[in-house]
Amino acid sequence: VGKTNLSVNLSIALALMKKTVTMLDFDLGLANADLLFNAVPRYNLSHVLSGRTTLQNALVSPYPGVKLLPGTSGVEELADLPENDRQKLFDLLESIQRDSDFIIIDTSAGVSRNVINFAACADEIIIITTPEPTAMIDAYATIKLIAKNPEHGDIRIVINMAANRIEAEKISSGIIQVCTRFLNVYVEKLGYILADSSVSAAVRKKNPFILQYPDSYAAACVMQIA
């Protein structure tokens with residue numbers, strides 16, 4: 001649905017607004033934020049968890065004002081972390097909180113224990129979905145599980161690949177109404193991103209679309225979200 005693309009480009013959008021951002025690629029087992037940033041990190045999350053390096057050594061700066069903790073791809077053990085390793089990640093959040101205006105966590109897709117626990121620790125949870133019915137059902141299922149934690153942060157929704165503003169408003173309003181009626185959970189509209197060929201073109205160039213195509217519709221939408 002585009003969550004890593006949103007995380008990467010939103011990080012840059014906030015940096016353009018003179019905010020300091022740390023992005024954590026916690027898409028455990030299938031991480032790829034470093035590719036979208038066109039970064040070539042020496043270390044990643046697995047090295048930090050194993051004690052082979054420190055968090056500060058693993059952080060890279062792919063753009064002024066943005067730091068990235070690269071994740072790992074193809075490491076089966078990280079796909080479902082044990083409790084002690086999840087606690088290590090929460091401790092990492094504490095250690096970088098003082099140095100960042102925003103910490104953006106890019107989680108895995110779906111509703112694994114990792115995803116729900118990382119979402120539960122956030123002040124603000126962004127659910128990103130598309131106009132496809134299957135994606136909307138998955139978004140609702142994710143909100144349903146997050147809502148079971150009474151201390152969850154504010155839940156906001158972004159519609160990606162929308163044909164136009166009217167479609168985005170209709171879909172987000174529908175999800176919000178269902179969540180209010182059946183879950184008694186308030187979900188807020190955060191924005192939408194229009195379907196834009198610039199996005200896939202930028203991915204092929206390994207450059208965030210907000211930098212590669214700053215005048216694109218998608219870039220304007222992300223700046224509005226920021």
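Biologist: Which elements do the buried residues of helix 12 pack against?

Modeller: They pack against helix 1, strand 6, strand 7, helix 10 and helix 11 (209–212). Contact means heavy atoms within 4.5 Å. Helices (H or I, at least four residues) and strands (E, at least two) are DSSP runs, numbered from the N terminus. One caution: this is a predicted model, where local features need pLDDT of at least 70, side-chain atom pairs count only at pLDDT 80 or more, and totals for chains, interfaces and linings use all residues. Residues are numbered from 1 along each chain as its sequence is written, and side-chain values use heavy atoms, with hydrogens and water left out.

Biologist: Which residues of helix 12 are buried?

Modeller: Ala 218, Ala 219, Cys 221, Val 222 and Ile 225, in a helix that runs over residues 217–225. Buried means under 20% relative accessible area, exposed over 50%, partly exposed in between (1.4 Å probe, protein chains only).

Biologist: Why do they count as being on the same side of helix 12?

Modeller: Because they cover an arc of only 160° around the axis. That arc is taken from the directions from the helix axis to the C-beta atoms.

Biologist: And what sits on the face turned away from the buried side?

Modeller: Tyr 217 and Gln 224, both exposed.

Biologist: Now the core. Which residues touch the most other members of the largest one?

Modeller: Leu 6, Phe 37, Ile 193 and Val 222, out of 31 residues. A nonpolar core is a set of buried Ala, Val, Leu, Ile, Met, Phe, Trp, Tyr and Cys residues joined through side-chain atoms within 4.5 Å. Several elements supply at least two residues each, including strand 1 (21–26), helix 2 (33–36) and strand 3 (66–69). The largest share, seven residues, comes from helix 1.

Biologist: What is Leu 6 in contact with?

Modeller: Leaving aside neighbours within four places in sequence, Leu 6 is in contact with Ile 126, Ile 128, Val 158, Ile 193, Val 222 and Ile 225. There is also a second, separate core of 19 residues, with Ile 127, Ala 168, Ile 176 and Cys 179 among them.

Biologist: What lines the largest cavity?

Modeller: Among others, Asn 5, Leu 36, Val 199, Lys 206 and Phe 209. Helix 10 gives the largest share of that lining, three residues.

Biologist: And how much space lies in the second largest pocket?

Modeller: About 180 Å³. Of its 13 lining residues, Asn 5, Asn 160, Met 161, Asp 196 and Val 199 are the closest to its centre.

Biologist: Last topic, backbone. Where does Lys 18 lie?

Modeller: In the loop between helix 1 and strand 1. Lys 18 has a positive phi of about 70° although it is not a glycine.

Biologist: Is Lys 18 buried or exposed?

Modeller: Exposed, because its relative accessibility is 75%. Lys 206 also has a positive phi, near 55°. Lys 206 is in the loop between helix 10 and helix 11, and at 43% relative accessibility Lys 206 counts as partly exposed.

Methods. On a 1 Å grid over the protein atoms alone, a cavity is a set of points where a 1.4 Å probe fits but cannot get out, and a pocket is an open set with protein on both sides within 12 Å along at least five of seven lines; lining residues have an atom within 4 Å of a point. Grid points are joined across faces, edges and corners, and a volume is the space filled by probe spheres set on the points.
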